[in-house]
Amino acid sequence: MNTISFGFGRYKPDDELNDNSNNSSKAAERCSCWCVLSIDGLGIEAKIIHKGRGKFKILEDNYKGKYIGKIVDASDVIRCKL
């Protein structure tokens with residue numbers, strides 16, 4: 001997916017905007033938290049990050065990595081550990 005960067009005033013693909021993966025991973029670590037989620041009737045622990053409009057992306061999980069990258073709804077979040 002391509003975006004328009006208003007900060008630079010010109011069109012840039014997403015991979016150019018996020019070329020410094022080290023800084024983006026630090027930002028994701030700072031903005032994420034471990035939560036208990038209800039997925040498929042299971043209560044799993046996962047590290048999530050807010051993606052907007054009540055959606056969260058799973059960054060890590062304690063269920064053999066099965067749910068990494070999955071987008072979940074806010075109603076699936078049971079409890080968060082801050």
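A salt bridge is counted here when a side-chain nitrogen of Lys or Arg lies within 4 Å of a carboxyl oxygen of Asp or Glu. The model is predicted, and the structure holds four salt bridges by this criterion.

**Exercise 1.** Determine which elements are linked by the salt bridge between Lys 47 and Glu 29, and state whether each partner is buried or partly exposed.

*Solution.* The closest N and O atoms of Lys 47 and Glu 29 are 2.9 Å apart. Lys 47 belongs to strand 4 (residues 42–52) and Glu 29 to helix 2 (residues 21–31), so that the pair links distant parts of the chain, 18 residues apart. Since buried means under 20% relative accessible area, Lys 47, at 7%, counts as buried, whereas Glu 29, at 47%, counts as partly exposed.

**Exercise 2.** Find which residues are joined with Lys 47 into one network.

*Solution.* The side chain of Lys 47 also meets that of Glu 60 in a salt bridge, at 3.6 Å from N to O. Because Lys 47 lies in strand 4 and Glu 60 in strand 5 (residues 55–61), this pair ties together parts that are 13 residues apart in sequence. Through shared partners, salt bridges therefore join Glu 29, Lys 47 and Glu 60 into one network. Glu 60 counts as partly exposed, at 36% relative accessibility.

**Exercise 3.** Describe the salt bridge between Lys 81 and Glu 45.

*Solution.* The closest N and O atoms of this pair are 3.2 Å apart. Lys 81 lies in strand 7 (residues 77–81) and Glu 45 in strand 4, so the pair ties together parts 36 residues apart in sequence. Lys 81, at 41% relative accessibility, counts as partly exposed, and Glu 45, at 29%, counts as partly exposed.

Notes. Residues are numbered from 1 along each chain as its sequence is written. This is a predicted model: local features need pLDDT of at least 70, side-chain atom pairs count only at pLDDT 80 or more; totals for chains, interfaces and linings use all residues. Side-chain values use heavy atoms; hydrogens and water are left out. Helices (H or I, at least four residues) and strands (E, at least two) are DSSP runs, numbered from the N terminus. Buried means under 20% relative accessible area, exposed over 50%, partly exposed in between (1.4 Å probe, protein chains only).
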